[in-house]
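Biologist: I'd like to learn how to read this model, feature by feature. Can we start with the terms and then go to the case at hand?

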Amino acid sequence: MNTAIVTTDKLTKVYGPRRAVDAVSMTVRAGEVYGFLGPNGAGKTTTMRMLLGQVRPTAGTATVLGAPPGTPAALARIGALVEGPGFYPYLSGRENLRVLATYRGLDVRAADAALARVDLAGRARDRFRTYSLGMKQRLGVAAALLGEPDLIVLDEPTNGLDPAGMAEMRDLLVDIAAGGQTVLLSSHLLAEVQQICDRVGVVAQGRLLAESTVAELRGGAGLRLRADPLETAAAVATRVLGPHAVAMVDDDHGDPALRLAAGAEAVPDLTRALIAADLDVHEISPLERSLEEVFFEMTAAVPALEVSR
Ligand SMILES: Nc1ncnc2c1ncn2[C@@H]1O[C@H](COP(=O)(O)OP(=O)(O)OP(=O)(O)O)[C@@H](O)[C@H]1O
């Protein structure tokens, strides 16, 4: 699981005065769904294009499936959907995939296998132009799956989809990863990334601000304590954790609770003290920030786009 499928070392792309990608060092591991998360213009597409050998880096290096990007051996093991393939509207989904399979030197039967995997076999003979957006996006993923590549690179695969389409795409991507293929996707949709990805690289203004599991990114926000009476609990928690570690908060339902600046290691002492004070303890749980909160915290700290020297 820890084999690196993609590694980059200070990968950089400068366009005129703009650092589209700024010294990005990232690792995508075998069999994971890795989410490249960032707002429009963060440099996600440019990074993906560098990994596919479509854009030449200004500086830094990348290794994809053990080779420099763009080598024929590596490309044969990568399926990519970056800014949409041009499907022919008057051809069926199946005919479109057969054209692509032939172009890539694959057996045309690969088209049917890919259509089945994205659950489009039933509509395979309908013209592309009659497809819903969700079906079009799934056909794009099918194109990336042709020939069962080891690495699948998808630029914004859920873009424009309605909630049902997103759920379908989510299931499809999780299914792909469960089959052992590695997925690198980009998204500006935090909620989506949170649900689909094993690990996330957070990017803004060309820089990789963090790379870790979603749980690691969201954790570390302290503990939530609900006990009765709450004022006494606050006094006990203050005694155990110190004067600045305790704050009164309202949760989503308007129930008062305490927010404690402490980690899981504080729970045994805290519990003992609360019980000793004869309190009814209803809940002590880790507080998680949404990925959205984490993201805005991180990106708020990034200075304005640098002009390269
Ligand atoms: N060929 C190019 N020439 C000049 N500037 C470019 C070029 N390609 C990208 N850029 C700039 O590089 C920055 C990063 O763009 P990129 O498309 O990689 O971002 P992104 O994160 O994929 O955003 P989006 O989701 O909007 O596609 C942007 O400021 C963009 O305008």
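Modeller: Helices (H or I, at least four residues) and strands (E, at least two) are DSSP runs, numbered from the N terminus. Two strands pair if DSSP finds at least two bridges between them. Strand 11 (residues 223-228) and strand 13 (residues 256-260) are antiparallel partners over three bridges.

This is a predicted model, where local features need pLDDT of at least 70 and side-chain atom pairs count only at pLDDT 80 or more, while totals for chains, interfaces and linings use all residues. Residues are numbered from 1 along each chain as its sequence is written.

Biologist: In what order do the strands of that sheet come?

Modeller: In general, strands of a sheet pair through backbone hydrogen bonds, either parallel or antiparallel. Here four strands make an open sheet, ordered 12-13-11-14, with antiparallel pairing. Strand 12 (246-250) and strand 14 (280-286) are the edges, each pairing on one side only.

Biologist: Which strands does helix 9 lie across?

Modeller: For angles, axes are lines fitted to C-alpha atoms, for helices over the stretch in contact, and the angles run from 0 to 180 degrees between N-to-C directions. Contact means that two residues have their C-beta atoms, placed from the backbone, within 7 Å. Helix 9 (residues 230-241) lies across strands 11, 12 and 13, at about 5 degrees to strand 13. Helix 10 (residues 267-276) lies across strand 11 and strand 14, at about 165 degrees to strand 14.

Biologist: And how do I read a core?

Modeller: A residue is buried if 20 or more other C-beta atoms lie within 10 Å of its own, exposed if 12 or fewer, and partly exposed in between, with C-beta atoms placed from the backbone. A nonpolar core is a set of buried Ala, Val, Leu, Ile, Met, Phe, Trp, Tyr and Cys residues joined through C-beta atoms within 7 Å. The largest one here has 68 residues, and Leu97 and Ala142 are among those with the most contacts inside it. Helix 5 (residues 133-145) gives the most to this core, with seven residues. Apart from it lies another core of 14 residues, including Ala233 and Leu258.

Biologist: How far apart are the centres of the domains?

Modeller: Domain bounds come from an automatic or database domain assignment. That assignment gives domain 1 (4-217) and domain 2 (221-287). Their C-alpha centres lie 44 Å apart.
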